[in-house]
Amino acid sequence: MEDIIRCEGLTKRFGTFTALDALDLRVGPGTVFGYLGPNGAGKSTTLRMLVGLTRPVAGKCAVFGQDPASSPAMRARLGYVPGELRLDDRMTVGGTLELWTRIRGMTETKYRDELLQRFDIDPGRAVRGLSTGNRRKVGLIGAFMGKPELLILDEPTNGLDPLMQQQFLAAIEEAKDEGRTVLLSSHVLSEVERVADTVAVLRKGRLVAQGRLTDLVQDVRQTFRIQFESEPVPVDEITRLPGATEVEVVGTTVNLRWTGAPESLLAVLGRHRLRAMRAPEPELEEAFLRFYEDATEGADR
Amino acid sequence: MNENETATARRTKPALEVYRCALRNQIRDGLLWGSSLVCLVLMVAALWPSLRDSGTLNDLSGSLPGGTAEAFGLQEFGTPAGYLKGNLYAVLVPLMLCWFGISLATSSTAGDEDAGRLELLLVLPIGRRTVFLARSLASMTTLLLVGIVTWISLIACCALFDLDVSFEGMASVSAMVTLLAMLHVGVTFLVSGWGARRGAVLGITSTVMMAGYVLQAFLPLSDALKDWAQVSPWQWALGADPLSGELDLIAAAALTVLTLVLTALGAQLADRRDVRSV
C-alpha cells in the first residue's frame, strides 16, 4: 500500500545550523506514528515541512504522493496542530472554527459540534480570554473536525488537563479505529505508548531508531524483583552474570536491572527456591532516555 | 454546475472567506482612522470663514520665501482650493492615509506572521498567494472606504463652510491620495512577502513614504534637480494639483498598475519562502 508520508534525504538548514540531516521517513496508511526526540532534534521542523510551511534545502517529502508546499488542495486531507499554537485574538472560538470549516469547504459540522462538547469549550467565548489549554482545545478541534485522513500533531496535549488529555487520546483511538493516519510528536511518552503502533526517534536532525514499539523496547534493561524462600540469597551468583546491574538485596528479595536475553539469570534462579518473581514491562521512557543519553554522550565526545 | 465552475468555486470561496475575515478585523481600525480624518477636515473647514474674513491668509503665504510656500503647498493660500491644499492635501491627509494603509497591510501580513497567527491559516486548503492577495484586497477595500468617507466629509464641509471648490477637484484629490496610499499598501505587501519582520516592514515602507514626499516637495526648488521629482509617486498623485484641476488619468493608471504589480510580486515572493515559526 502507498505510503501516506514519504521523506527521502530531507535536509533543512537555518544558516549554519542543520535542523534535519538527510531524513528518511515513511508512514503507512492507518498507522499511529510516534515521533520522538529531545528538544531541538528537528521534530517540529519535519512536521512544518510536511504541512508545507517550510521547504527543504535538499531531499524531498511527499504527503499523499504530493509536495505539501505546492499542493494546497491536498491539505484538505490533513489536520495539523502546531507546537506553538497561536490563534487570532480578535475572533471568538466559534468564529475561528467557522472560518476553518468554510475554508475547508466542509458542509457537515456535526462532529465539530460534538468535539466542542467533548472538549468542553463554549464557542461564544472570545479567543483573547482563553487559557493556553483552551486555545490548545480549539486547535485540536480544528484539526480533528473534518475527520482528515492524516493528522499531524506537534506536542498536542501541551497545557491540557488530565481529563482533556483522555479526551484527546480517545479521539486519536477513534481516528485509529477508522483507519486514519496519525503522526504524533510528543514528550508525553505514556500517551505515545498508549496509542502509537510505530515510533521513530530523532536526534540532532537524524533518525536514530525507527520501528514497532515492541521492538524498540526489546533491548531496554528490564527490572526484576525476585523473592526467595529463605536466606541466604544467591547475590554473588547473580552479580557475576554479565547482564545484571544495580543488584540490591533487601532481606530475601533481590532487585536488579537486566540487559539481554534472561536465560543465564533463569538458570541461576532454577537452582534456588523462589516465593515470587516480578518483571514489569519496560517502559518507553526507558527506551527514550537511552537514546537521549546516547545523544548527550555523543555531544560530550 | 460543470467541472470548471466547481473548480473555480473551490478556489474563490476560501479566498472570499479570508477576504471577509480580514475586512471584519480591519473595520474598527477603519472607523478610528476615518473618524480622525473627518474631524481633521471638519476642523480645517470650520476655520475658513473667519480666516477668510480676516484677510490675513494671502499675507501669510506672501510672507514666506517662495520655495518654502511651494514645498508645503502654501501658494494661493487665500483661495479655497489653496487653503485646503495647504492645510490638508499637500501633506497631512496623504500622509495619514498612507500610514493607515501601511499599518493595515503590515498587521495583516508580517504582523500576523511574527505573532504566529498565519500558520494555522496557511495549513488549510488554500494557497499562500491567495491568502496574501485576499488580505491585500481587504486592506485596499478598508482604505478605499476611509478615502470615500473623507471625500464625503470634504464635500459636506465645503458646502457647510462656504468653501468654493469644484466637485471634480474634490473627487480628483480624494481619488489621487487614496491611490497614493494604496501604492504604499502594495509596497508593504512586497516587503512583507519578501520576508521582512514587522519592524523592518514599517521602517522600510515609512522610509519609502517619506522619501517620496521629500522628493516631490523639495526637488522642484532646484532648477537642476526639479525633473527628478517625477520619480516620486507623490508627484504623480499631487503634481498636477488635482484639487483645482482635473483628474490626471495617466498618473492614476500608473499608481494603480504599480500597486497591482507590487502586490502580485509580494504574493509571489511569499509563496516561495518559509513561513517564520514563533
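What covers the buried residues of H5(A)? Before getting to that, keep in mind that the model is predicted. Let's look at the helix itself, then step back to the two chains.

Helix H5 of chain A takes in residues 162-177, which makes 16 residues. From its first C-alpha to its last, H5(A) reaches 22 Å, close to the 22 Å expected at 1.5 Å a residue. Five names to look for in H5(A) are Met164(A), Phe168(A), Ala171(A), Ile172(A) and Ala175(A), and these are buried. If you look down the axis of H5(A), the buried residues fall within an arc of 100°, so they line one face of the helix.

After H5(A) comes Gly179(A), with a positive phi near 80°.

Now for the opening question. The cover over the buried residues of H5(A) includes both strands and helices of chain A, and here they are:

| Element of chain A | Residues |
|---|---|
| Strand S3 | 32-36 |
| Helix H4 | 132-144 |
| Strand S6 | 150-154 |
| Strand S7 | 181-185 |
| Helix H6 | 189-195 |

**Chain B, helix after helix**

What do you find when you read along the sequence of chain B? The pattern is α-α-α-α-α-α-α-α-α-α-α, and chain B has eleven helices and zero strands. Of the 278 residues in chain B, 47% are buried. Take the contacts in chain B with a separation of 6 or more: 73% of them are between residues 24 or more positions apart.

**Where the chains touch**

How many residues of chain B are in contact with chain A? The number is 21, and they are in contact with 23 residues of chain A. On the side of chain B that touches chain A, helix H1 (3-54) and helix H6 (119-122) of chain B each supply at least two residues. H1(B) gives the largest share of that side, six residues. Sorted by class, the side of chain B that touches chain A has eleven nonpolar, four polar and six charged residues.

Technical notes: Residues numbered from 1 in each chain as written. Chains lettered and ligands numbered in written order. Predicted model: local features only at pLDDT ≥ 70, side-chain atom pairs only at ≥ 80, totals over all residues. Helix = DSSP H or I, 4+ residues; strand = E, 2+ residues; numbered from the N terminus. Buried ≥ 20, exposed ≤ 12 C-beta atoms within 10 Å, placed from the backbone. Contact = placed C-beta atoms within 7 Å. Expected span 1.5 Å × (residues − 1). Arc of directions from axis to C-beta. Nonpolar A, V, L, I, M, F, W, Y, C, P; charged D, E, K, R; others polar.
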